[in-house]
Amino acid sequence: MQKKNFLNLFIIFLTLGQMGFAQQKSFYNKDEEGHTNQNKFRQLYDEFATPNIYRTASGAPGHAYYQNTADYVMDITLDDEKAEIYGEETITYTNNSPDQLRYLWVQLDQNVRSKDSKAHDRNSSSFAPITKVESFASQHMPKEFDGGFNIEYVKQNGQDLDYIINFTMMRVELPEPLKSGESFEFSIKWNYKLIDHTINNDRSGYEYFEKDDNRAYVIAQFFPRMAVYNDKEGWQNYQFWGAGEYALPFGNYDVKITVPSDHIMDATGELQNRKKVFSRTMMERFEEAKKSFDEPVVIVNEEEAIDAEKNMSRRTKTWEYKAENVRDFAFASSRKFIWDMMNVKIGDKEVMAASLYPKEGKALWEKWGTRAVASTLKTFSKHTFDYPYHKAVAVHAKDQGMEYPMISWNHGRPDENGNISDKVRTGMVSVIIHETGHNFFPMIVNSDERQWGWMDEGLNTFLQYLTEQNFGKEYPEILKGKKQTLDKFPSRRGEPSKIVNYMKGDQEDIVPIMTNPENVKQLGNNAYGKTTTALNILRETVMGPELFDYAFKEYAQRWMFKHPTPEDFFRTMEDASGVDLDWFWRGWFYTTDYVDIGVESVSRYVLTSTPTEEGKALLKRFGIRNPDKNPKTKNSVYLIDLDSDKSKNLKTEGNPFKNAPNLQEYLKEYYSEDEMKEIEMPKFIYEVTFNKPGGLVMPLIVKYTYADETSEIKRYPVQVWRKNDKAVTKAILSLKEIVKIEIDPKAETADVNLENNVWTK
């Protein structure tokens, strides 16, 4: 290690040496126009809304923050023979806003599947030069299906209410304005046809198993749901087109669901009549599961599920659930389900982790399903807040990946011959971690998915990455495949290198993260991948885990059971960490810029003095003649750039640094004798210019390798670019000769061009 900062010494001599060469440059040009502040480090005042009584400048809820609530009482019937669902619901909507409301907006998301849905025509369509007939039929002549809501009535106290349906939104007219602090209770009766989600890639519906003539249902968006009214948009009544997900208020649910009596089901909320719907054997196993924290306990086994598949009861059974302070409700039901559970210790409470899966998924799910749920709850809780609900359930459904409060749908199944590939095995664990993690974002930290998909998908996928890596350490056997054993969990997203191809792609196909999901061409790469990478870089490279983790947890705890905006996240991360990140949010979230930093040039400097013939020759090249006769230059010492055009073809034998004057002799007038004892003289002096062809400013991470094959990594703060984001020059004083300079040696910044990252001697 150097005892003194050599840069100070270099500046002294460089200044002395350049005094004779400096030329005044005028920046005035009457033909040039002025410009606005385009500095990468300018504050985000133009992009951010002005703080107010509802949302503070620190990113926290303001003293007047409010949110409206919607409570539901529902009676639901699932008709297994017709694959239809029927429901009656009573909604109590409470206006906690300071405004009077003249009408209410209700979401009818199933109307995206109606016969005349506008969503069918929202995308372009074309033909390939050669197309298989079956592909042509499925894409251009799909089977007709009318799956929209059939609204039988909308009433208050038995009296019809006026309403109008606009695609996936229904406006309910109020008899009189709903004042601040008041509630309005009304009822809706409805029904609709369920869809085969495996054919139509839907979030809700059923999978049909032809071999045993049975269905497995995963039911969501199945009831008319209140829209959000808030301080940002008023009514958030943006239509559901299929990609953007949901904006929902919190509330309490009291739900009764009638299904065939041999169905096994689980849902959002706490089961109220367990002893009535469970057999005695199931109750005994359930009590055993409460005591098991390491191994899942089977509540319904494969033999029992197969028996139910064969008998197919025509009787019905009603399951009753209650849920407090949730934003949505979903359920899964089938006679095919195997069911296992185990307990998880989260803080000072116990949470039941559970899995439901048909026998077709048993080989994978019995080992990994519930364990993945439990691991997710522990890791996410560590980075946010203790999971507040009493359970988390993963349901296996073909080609699914969807989330709801306390329950989620997940893919991952052996093939028809029972083979399990490495990709399917780890992919199944990944999707369970991802969908279970959504309990935190957005089910509790309740962001507006319909407008800002990254706020739930990106934040959730970032924590998914941390959970996957921890899962690989907790269960190393997950890494042992048929072909190879991995050294860490093969996360699909998170590592900076994984996003490079997207960021260097065609700009026509890329949009900023701050874009509505419906308008994003590559939603997976954008909302999931780029956001995850950005947060990973922010944690590991920009802020450091300690500062990042504290601020991230502060955001989660500030906004749990509330409705945050992007600005609330950005502001909180800066407020809680003391790190100015406006440059980061603007670059990564508001633009499509990419990272490209390189080594532009390296110059070697050598000390020379006027008394020597070699020194005189060098100085003449730089315009200083007869330096030994000029009183101002006599006995002066200069630093000379050996790699400048004026130094080319210089005939110097051996190492030009070797015969340089002793720097120590010329420092006595600047330092005391005691200070001189602490100084180690640099033997090699360099000037390195780093350029930045890419638009994103990032910390400058440089690895210097020396002639003795040792190396060190120097991390320059991102602020090195603050005055010139095109290039930056650094003076390097070294005890050892540098033979290699490499930018971002550990691939931390998602640099899209590695060809300009390395300089060698």
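Student: Which exposed residues sit on the face of H5 turned away from its buried side?
Tutor: In this predicted model, that face of H5 carries Arg 280 and Glu 284.

Student: And which residues of H5 are buried?
Tutor: Helix H5 spans residues 280-290, and its buried residues are Met 282, Met 283, Arg 285, Phe 286 and Ala 289. They lie on the same side of H5, because the arc they cover around the axis is only 165 degrees.

Student: What covers them?
Tutor: Among the covering elements are two helices, H4 (274-277) and H6 (302-311). The strands include E15 (264-267), E17 (297-300), E20 (338-346) and E21 (349-357).

Student: Switching to Gln 236. Where is it, and is it buried or exposed?
Tutor: Gln 236 is in strand E13, residues 234-236. Gln 236 counts as buried because its relative accessibility is 5%, and the cut-off for buried is under 20%.

Student: Which residues beyond four places in sequence are in contact with Gln 236?
Tutor: Met 169, Ala 227, Val 228, Ala 247, Asp 448, Arg 450 and Gln 451.

Student: What about confidence in the model?
Tutor: The mean pLDDT is 91, with 89% of residues at 70 or more. Residues 1-27 have pLDDT below 50. That stretch still has 39 contacts in the model beyond near neighbours in sequence.

Methods. Residues are numbered from 1 along each chain as its sequence is written. This is a predicted model: local features need pLDDT of at least 70, side-chain atom pairs count only at pLDDT 80 or more; totals for chains, interfaces and linings use all residues. Side-chain values use heavy atoms; hydrogens and water are left out. pLDDT is the predictor's confidence in each residue, from 0 to 100. Contact means heavy atoms within 4.5 Å. Helices (H or I, at least four residues) and strands (E, at least two) are DSSP runs, numbered from the N terminus. Buried means under 20% relative accessible area, exposed over 50%, partly exposed in between (1.4 Å probe, protein chains only). The arc is that of the directions from the helix axis to the C-beta atoms.
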